[in-house]
Amino acid sequence: MSSISELEKIATQVRRDIVRMVHGCQSGHPGGSLGCADFLTALYFHQMNHHVDFSMDGKNEDLFFLSNGHISPVWYSVLARAGYFPVAELATFRKLNTRLQGHPTTAEHLPGVRMASGSLGQGLSVALGAAEIKKLNNDKGIVYTLHGDGELQEGQIWEAALYAAHHKMDRVIATIDYNGQQIDGSTEQVLSLGNLAAKWEAFGWDVLHTNGNNMQELVDCLALAKSKTGAGKPIVIIMKTEMGAGVDFMMGSHKWHGVAPNDEQLAAALGQLEETLKDY
Amino acid sequence: MKQYTYTEKKDTRSGFGAGLSELGKTNANVVALCADLTGSLKMDAFAKDHPERFFQVGIAEANMIGMAAGMTIGGKIPFTGTFANFSTGRVYDQIRQSVAYSEKNVKICASHAGLTLGEDGATHQILEDIGLMKMLPNMVVINPCDYNQTKAATIAIAAYEGPVYLRFGRPAVPNFTPADQVFEIGKAVMLNEGKDVSIFATGHLVWKAIEAGHQLAEMGISAEIINIHTIKPLDAQAVINSVKKTRCVVTAEEHQKNGGLGDSIAQILAEQFPAPIEMVAVNDSFGESGTPDQLMTKYGLDAINIVEAAQKVMSRR
């Protein structure tokens, strides 16, 4: 477990990695990745019991599934910084023959990845399957997921939500990246999520809220979520984030959802993000 | 023409149920999921004997496929059960990403395939599932012909590591293959050696191919009849070896011509040993309500259609 200031330093380096990776191949999704840098840092460097000597079965450890696979840069950076694979490999992101495919895959056997994702809406179901088997195996690991808020427009999410509550899947902690943006605009404009907390509550989930770009609040909320496991209800964290968080000109808009910075923009972004660990 | 006999007609879905039930006793890693069709899929015995390993997901097939993929993490072997329509077309993207691309050890077990589902009509009579599934990299596609073979296939796929699509049906059909058969994935079964025409059949059409073989024999035509229970990987060597003798081919299946067994065999032959082919299959059409027998006749999937196709293809040689 790391202190808040240590976690913040890691998250800053993760943000540097994200903009450099996306710049390096001139493609990818920086906005959502930056917004979730604090969450994934807190999860892998503080919250989860996990082993970097990766095994697909993940017995007796916590598991994480990234359902919104397009924010792969942030996950790859966190996995590498945590020790799953060499940090230098981040330079290969989205390039031919890489293990760091545009969207995460098991096909290239990248340590840390247990399921392909990218086509949205599938990760919660996968997590429920893994959690059912943990129960069957008397394995006390917790299963975590991350979803985009736009992703909640997929119907499969709500199939899974029904199942989880009916079967009291109380060792599942789902997190929603509630940044209010999707490709065609704000979720309000495209397809409103309405009262999101009330929806999850109505489905029988225990709903928590946090600011996903404040490390102390995040760490506290994750601890609270963990304390609520085993109480008969699945848990969802509605995590308010700012798309592009940490790079001022990428914030507050959906424009940086899937656009790479040019050389000048990269320099401007890196000027706002201290090199706290060594760049890859 | 070799004689095949049977003591009773049985549905292939019951063969699946019996195989799953046996796996429940012999393999503690086998788990099963069902989307509100436990009785139709004959999964009741497994569900009753192993409630802790049976997962009722409700009418939510997408969630079922995703959960099955997740259940492989931790070492289990999930078998999903619903109708063929809801096992494939409805959940194609879930299978593509979470099962096939992710190389998960999921067995997608699909009942009520094809026209012989009968009176429910075209919404439920999927005739495209073999094509959908065989196009997916990493996916094995199996369509056994009777109860015994379906039971043997069910047991065999548990021992195979990787995604499998197992297709079977609703009606009672002659149960003529040996109860003690060893099911070899990807290995065609020679039913009758012949020299004039090769008939490659799969699923419910295998028995009809045997009936056709007798009718052809009466006409003095020696038909080679081969049961292709595994459409992918296809036993290309068995196909080529047979066609080298006969130089003409009939394929027979309860599926669309587009994307089916005939398609797979045509591909192999076009590449390696060109020969005329006639395909007994549904020709770019949906089904409709009716009894299974009426539908097989109306859509040209009877023994007589195989006989006519054999005569025609021999004339094209």
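## Contact between the chains

In this predicted model, 28 residues of chain A are in contact with 23 residues of chain B; two residues are in contact if their C-beta atoms, placed from the backbone, lie within 7 Å. Helix 5 (123-136) and helix 6 (155-166) of chain A are the elements that give two or more residues to the side of chain A that touches chain B. Helix 5 of chain A gives the most, with ten residues. Helices (H or I, at least four residues) and strands (E, at least two) are DSSP runs, numbered from the N terminus.

Residues are numbered from 1 along each chain as its sequence is written, and chains are lettered from A in the order in which they are written. Local features need pLDDT of at least 70 and side-chain atom pairs count only at pLDDT 80 or more, while totals for chains, interfaces and linings use all residues.

## Strand 7 of chain A

In strand 7 (residues 235-240) of chain A, five of the six residues are buried, that is, 20 or more other C-beta atoms lie within 10 Å of their own, with C-beta atoms placed from the backbone. Strand 7 of chain A pairs in the parallel sense with strand 3 (residues 172-178) of chain A over six bridges; pairing requires at least two bridges found by DSSP. Here A:Ile173 stands opposite A:Ile235.

Strand 6 (residues 206-211) of chain A also runs parallel to strand 7 of chain A, joined by six bridges, and A:Thr210 stands opposite A:Met239.

## Domains of chain B

An automatic or database domain assignment divides chain B into domain 1 (9-174) and domain 2 (189-315). Their C-alpha centres lie 25 Å apart.

Key: Buried ≥ 20, exposed ≤ 12 C-beta atoms within 10 Å, placed from the backbone.
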